Structures are given as C-alpha cells and as structure tokens.
Amino acid sequence: MPELPEVETTRAGISPGLVGQQIHKVIVREHRFRWPIPVDLPLQLAQQRILAVSRRSKYLLLKVTQGTVLIHLGMSGSLRLLASTQPPAKHDHVDVVMENGAVLRFNDPRRFGCVLYTTDPIDSHPLIQHLGPEPLSDAFTADYLASRCLRRQLPIKNFIMDAKVVVGVGNIYANEALFLSGIHPNRTPDSLSNDEVVTLTDNIRTILAQAIKRGGTTLRDFSNADGKPGYFAQELLVYGKKGKPCTACKTVLVEVRLQNRSSVFCPHCQPACAD
DNA sequence: AACGGCACCTGGTCGC
DNA sequence: TGCGACCAGGTGCCGT
C-alpha cells in the first residue's frame with residue numbers, strides 16, 4: 001500500500017492529535033510480524049509523553065520522552081486516530097491509548113509492517129542508518145543521483161526503488177517518474193545522459209510532492225488517519241494502465257515485469273535506447 | 001560489490 | 001457457488 005506520500009499523509013493526520021499527549025497504555029493483540037512486536041512494548045511506553053511525530057523514508061517515528069517508536073506500514077498497514085476507543089475490527093493489531101482517551105490504532109492485514117521501540121539515537125538504528133537521502137530534501141540533487149548512477153547496470157526502475165539510493169520511491173511513483181522523464185524502465189543508470197538524470201531527479205521530486213498534496217494514492221484500501229482515501233489515483237498516467245493509450249501520444253501502454261513488479265510504460269515516449 | 005530472486009502474509013479478483 | 005491460481009502499494013536477506 002503505502003509509499004512515501006501515503007506515509008506522509010498519515011503523519012500529518014495523526015501528528016496534531018498526538019504531540020504533547022501522554023501514553024496511558026498500549027494494547028498488542030498480535031505480536032507476529034516480520035519483526036515481532038517486543039513483548040515489553042506496553043511496559044516500555046506506558047506513561048511516556050509523545051514529543052514529536054516525524055518520518056524517515058517510509059518509517060513513522062514517534063519521539064517519546066525516553067526513546068523512539070518506529071512504525072512501518074508495510075504493504076497493507078494503516079494508522080487511524082480515534083477520539084475514543086471502539087471495538088477492534090479484524091487486523092486491528094495494536095492500540096496506543098492516550099491519557100485523554102484518544103487511540104492510535106494500527107491495522108495491517110498482511111503483517112508486513114512493524115512496530116518497534118528503541119532508546120538509541122534513531123539515526124543509528126539498523127533499519128534507518130543505511131537509508132539514502134529524502135527525495136524532497138536538499139540532499140537529493142541531480143549531481144548526487146548522477147554520482148550514484150556510475151557503473152550501475154541494473155534496470156533504472158529497480159535502481160530508483162532502492163532505498164539506499166533514494167528513499168520513498170515505490171512501484172507506483174517509480175512508474176510515473178520514469179514516464180514523465182521519457183526513460184524506459186529497463187535502461188541502466190550508467191546509460192543515462194546528464195540531462196536525463198536532471199529530468200529524472202526533478203520528476204521524482206515533483207511526482208511525490210504532488211501526491212502528498214492530493215493526500216496520497218488510494219488503489220484499494222489505503223486510508224488516512226481519518227479513514228478517508230487519497231485522491232492521487234485519478235492523476236496516475238501509466239501505473240495500472242496497461243493497454244490504455246498514452247496520454248501524450250496515444251500509443252498503447254505496455255507492461256513488463258521487473259523485480260517481479262509490474263512496470264507500465266509507453267514504448268514511444270520511453271524508448272529502450274536513448275539514441 | 002552488485003544483482004536477481006525469494007520470503008514474509010492476507011485478501012481480492014479472475015477464469016474455469 | 002466453489003476452488004485454485006495469481007496478483008497487490010515493501011524490503012531485508014540470501015546465494016551467485
């Protein structure tokens with residue numbers, strides 16, 4: 001489900017209701033995740049105050065008095081902020097209950113996400129420390145991307161989805177950014193011209209910023225902190241549009257599979273070779 | 001070092 | 001209506 005815009009939409013939604021609140025208790029109904037939810041999480045978090053809600057890559061970070069809670073939504077996770085407790089639905093795995101009665105509720109059918117806690121500096125956490133720059137930060141420049149492209153020979157689509165290169169670019173936005181840039185998903189990073197790297201850098205930034213503005217992309221089940229969908233899906237140009245005409249040239253869009261993920265592109269606007 | 005493939009899960013959809 | 005196959009927005013880890 002969630003790529004960077006969806007996570008950022010969630011962050012913005014839950015932050016106002018959480019910052020400054022004291023945690024009353026934490027209820028864990030299901031521990032079995034990719035990394036199991038620590039058994040002592042409720043004990044660790046009780047009575048701590050939430051100081052800030054931030055995001056690094058697709059991780060939501062709840063800064064609390066003595067440490068940081070890391071939440072990842074995986075493929076199917078969502079967070080909702082309830083004004084007061086309600087009976088849990090299926091896959092409502094974790095509740096963080098505030099002293100004021102509000103409940104941060106984590107739902108994740110596929111359990112690819114995680115909820116972890118650390119008292120160490122967050123930048124040195126194993127899941128965080130090797131991440132590349134934020135795409136919307138000043139560190140993500142064309143010069144930076146060009147330097148990372150040198151001698152790299154994997155498909156460019158796989159490359160821009162690599163979180164060690166740049167974080168936050170998932171399958172949807174990788175497809176969209178490459179289309180906007182006129183770059184075939186199977187091209188290699190070391191084959192890109194300087195102009196192409198500049199264009200790609202710009203388009204990655206632009207597509208993510210626009211999607212955030214629209215509240216993210218809802219394909220099936222993404223919902224924000226209020227349980228409402230995002231509206232970027234109607235602006236997608238190639239993702240999920242195999243067999244439909246290209247919005248620029250009317251050529252039928254084609255799908256290939258890269259890294260076992262569907263990749264849709266326009267054979268005319270995104271030629272296999274730069275020429 | 002770099003790359004491809006797989007695994008972790010549930011649920012929705014499609015074809016028979 | 002039921003069943004199996006296949007697909008899905010992520011990403012760490014393994015073998016080559």
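R111 is partly exposed at a relative accessible area of 29% (buried is under 20%, exposed over 50%, partly exposed in between, with a 1.4 Å probe and protein chains only). The model is predicted, so local features need pLDDT of at least 70 and side-chain atom pairs pLDDT 80 or more, while totals for chains, interfaces and linings use all residues. Residues are numbered from 1 along each chain as its sequence is written, chains are lettered from A and ligands numbered from 1 in the order written, and side-chain values use heavy atoms, without hydrogens and water.

**Backbone**
- Most residues other than glycine have a negative phi.
- R111, not a glycine, has a positive phi near 60° and sits in the loop between β7 (103–107) and β8 (114–118) (strands are DSSP E runs of at least two residues, helices H or I runs of at least four, numbered from the N terminus).
- Q47 also has a positive phi, about 75°, in the loop between α2 (41–45) and β2 (50–56).
- Q47 is partly exposed, at 46% relative accessibility.

**Domains of chain A**
- An automatic or database assignment gives domain 1 (4–124) and domain 2 (142–265).
- Their contact (heavy atoms within 4.5 Å) takes 15 residues from domain 1 and 17 residues from domain 2.
- The two domains bury about 1300 Å² between them, 63% of it on carbon and sulfur atoms (accessible area, 1.4 Å probe, lost on being put together, summed over both parts).
- P5, E6 and T9 supply 37% of the area that domain 1 buries against domain 2.
- Across this interface there are 0 salt bridges (side-chain nitrogen of Lys or Arg within 4 Å of a carboxyl oxygen of Asp or Glu).
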